[in-house]
Amino acid sequence: MPGNAPGYLSSVSAVVVAPNGDIYVADGHGTGTNDRIVKFAKDGTFVSAWGKHGKAEGQIDTPHGIALDSAGQVYVADRVNNRIQIFSPDGKFVAAWKQFGRPSGLAVDANDVLYVIDSQSSDNQGAANYNPGCRRGIRIGSVKDGKVMYFVPPPVPPDPKMQPPIGIVVDGAGTIYAASDDQKDIKKYVKN
């Protein structure tokens, strides 16, 4: 059963496992869900939870992706708030970055390069206007300074009936795999 007490989850969007086995869960997707991060020990024991619905620092609205850097910091795709929030491993707020668009998914590679997929930014998306002035695509930057170094635009021509990819992983060679739930496919991007 869904819930917000320790040991309960509601509309999980993403999970990441730390090298020591700690499990971080992005818990919340949509109205009335938890909008928080839940940490479990490697044996599944509840450790802590942080965040609640809202727009202030440390508050979250639709945690749609989660990743860890080499220092163990937790990166959360706070999608509806158009930002990435960074937390210490124990849930203390570190920073919020808006330069990566409206994040649907994110990944951090072994070199602390951050890959963020923005599937929703648009000046005109039907009746909605998500993150005006920002383009959909993949932004690549450093977790050290938050600077966006590269931008990968969506395929041209775009198909307005199909959602762009929302999930992202990166292999050891820097090859990006972006998954779309609407298209039920994975797009592969390789370095030139």
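Q: Let's start with Asn82. Is that residue buried or exposed?
A: Asn82 counts as buried, because its relative accessibility is 16% and the cut-off for buried is under 20%. Keep in mind that this is a predicted model.

Q: Where is Asn82 found?
A: Asn82 is in the loop between β6 and β7, and β7 covers 83-87.

Q: What about phi of Asn82?
A: Phi of Asn82 is near 55°. That is a positive value in a residue other than glycine.

Q: Why point that out?
A: Because most residues other than glycine have a negative phi.

Q: Which loop holds Asp112?
A: Asp112 is in the loop between β9 (103-108) and β10. Its phi is near 60°, a positive value in a non-glycine residue. Asp112 counts as buried, with 5% relative accessibility.

Q: Switching to strands. Which strands form the open sheet?
A: There are 4 strands in it, in the order β1-β2-β3-β4, and the pairing is antiparallel.

Q: Which strands stand at the edges?
A: β1 and β4 (46-50) do. Each has a single partner strand, so one side of each is left without a neighbour in the sheet. The twist averages 20° from one strand to the next.

Q: How many bridges link β1 and β2?
A: 5 bridges, in the antiparallel sense, between β1 (residues 12-17) and β2 (residues 23-27). Val15 has Val25 in β2 as its bridge partner. The two strands form a hairpin with 5 residues between them. Gly21 sits in that turn and has a positive phi of about 100°.

Q: And how many join β3 to β4?
A: 4 bridges join β3 (residues 36-40) to β4, and the two run antiparallel. Val38 stands opposite Ala49 in β4.

Q: Which strand does β5 pair with?
A: β5 pairs with β6 (residues 74-78) in the antiparallel sense, over 5 bridges. Ala67 stands opposite Tyr75 in β6. β5 and β6 form a hairpin, with 5 residues between them. Gly72 in the turn has a positive phi of about 90°.

Q: How many residues of β5 are buried?
A: 6 of the 6, over residues 63-68. So β5 is largely enclosed by the rest of the structure.

Q: New topic, aromatics. How many aromatic pairs?
A: The count comes to 6 aromatic pairs. In one of them, the rings of Phe87 and Phe93 have their centres 6.2 Å apart and their planes at 80°, so the pair is edge-to-face.

Q: What about Trp97 and Phe100?
A: Their ring centres are 6.0 Å apart and their planes are at 25°, so the pair is stacked. Trp97 counts as buried at 13% relative accessibility. Phe100 counts as buried at 0%.

Q: Which residues form the aromatic cluster with Phe87?
A: Tyr24, Trp50 and Phe93 form one aromatic cluster with Phe87.

Q: Last thing. How many cavities of 30 Å³ or more?
A: The structure holds 1. The largest cavity has a volume of about 70 Å³.

Q: What lines the largest cavity?
A: The lining residues include Ile117, Asp118, Arg136, Pro153 and Tyr189. β10 (113-118) and β11 (137-142) each supply at least two residues of the lining. The lining divides into 9 nonpolar, 1 polar and 2 charged residues.

Technical notes:
Residues numbered from 1 in each chain as written. Predicted model: local features only at pLDDT ≥ 70, side-chain atom pairs only at ≥ 80, totals over all residues. Heavy atoms only, no water. Buried < 20%, exposed > 50% of the residue type's maximum accessible area, 1.4 Å probe, protein only. Pairing = 2+ DSSP bridges. Axes fitted to C-alpha atoms, helices over the stretch in contact; angles between N-to-C directions. 1 Å grid on protein atoms, 1.4 Å probe; cavity = no way out; pocket = protein on both sides within 12 Å on 5 of 7 lines; lining within 4 Å. Points joined across faces, edges and corners; volume = space filled by probe spheres on them. Nonpolar A, V, L, I, M, F, W, Y, C, P; charged D, E, K, R; others polar. Phe/Tyr/Trp six-rings, centres within 6.5 Å; stacked < 30°, edge-to-face > 60°.
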